[in-house]
Amino acid sequence: MDRADRVGEPVGLRPSLPDVLHDLLDRSLRVVLCGTAASTVSALAGAYYANRQNKFWRILHETGLTPELLQPHQYRDLLKYRLGLTDFVKTHSGIDHQIPLCELRESARLRLRRSIETYRPAFLAFTSKAAGQNFLGGKRDYGEQTEMIADARIWILPSTSGTANGSWRPEVWHRFSDEVRS
């Protein structure tokens, strides 16, 4: 009996890897925030943006996207504020240069597009330039993009990662939150 007979799928297909972190998505969302991939710290903690150096939770509160300062283990509470979470690459963790984007880009684009079409938020916001550029293809500036998915407006926001402090621009996050509230 060959492998195809045992598992019921053609030989040569790679088994799909499990998601590092499960999506936090719901049909009532106003915003889906999308990173490149879970960091190693987040993967180990089982929670989004878990590195203490990451500014994600502070900027959500500072901009008024959440009325309280949440901790990474409280990420599911974002649904109360109509915010969802996902990552461009779901099956790998680490910092951007460790993610095999060339292997995963097309399947990641398709998966994310389907998720946005299914859940239909008003905004898809990439929480790093790398995630946005990999999804949209090519160099992009921070801010609102011309493309949309269904009715979702697409934004690229500066990374909140401590490794990206040199490109930190909280004013872009503030502009984004103003648009979300308007």
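Tutor: Let's start with Thr 63, which sits in the loop between α3 (56–62) and β2 (83–87). Keep in mind that this is a predicted model.

Student: Why is Thr 63 called buried?

Tutor: Its relative accessible area is 4%, and buried means under 20%. So Thr 63 counts as buried.

Student: Which residues beyond four places in sequence does Thr 63 contact?

Tutor: Those are Trp 173, His 174, Ser 177 and Arg 181.

Student: And which residues have the most contacts inside the largest nonpolar core?

Tutor: Leu 33, Leu 85, Leu 124, Phe 126 and Phe 176, in a core of 46 residues. Among the elements giving two or more residues to this core are β1 (31–35), α3, β2 and α6 (170–181). As for Leu 33, its contacts beyond four places in sequence include Leu 60, Leu 85, Trp 173 and Phe 176.

Student: How do you know that α5 is mostly covered?

Tutor: Count the buried residues: six of the eight in α5. They are Ala 131, Gly 132, Gln 133, Asn 134, Phe 135 and Leu 136.

Student: What comes just after α5?

Tutor: Gly 137, with a positive phi of about 85°.

Terms used. Residues are numbered from 1 along each chain as its sequence is written. This is a predicted model: local features need pLDDT of at least 70, side-chain atom pairs count only at pLDDT 80 or more; totals for chains, interfaces and linings use all residues. Side-chain values use heavy atoms; hydrogens and water are left out. Helices (H or I, at least four residues) and strands (E, at least two) are DSSP runs, numbered from the N terminus. Buried means under 20% relative accessible area, exposed over 50%, partly exposed in between (1.4 Å probe, protein chains only). Contact means heavy atoms within 4.5 Å. A nonpolar core is a set of buried Ala, Val, Leu, Ile, Met, Phe, Trp, Tyr and Cys residues joined through side-chain atoms within 4.5 Å.
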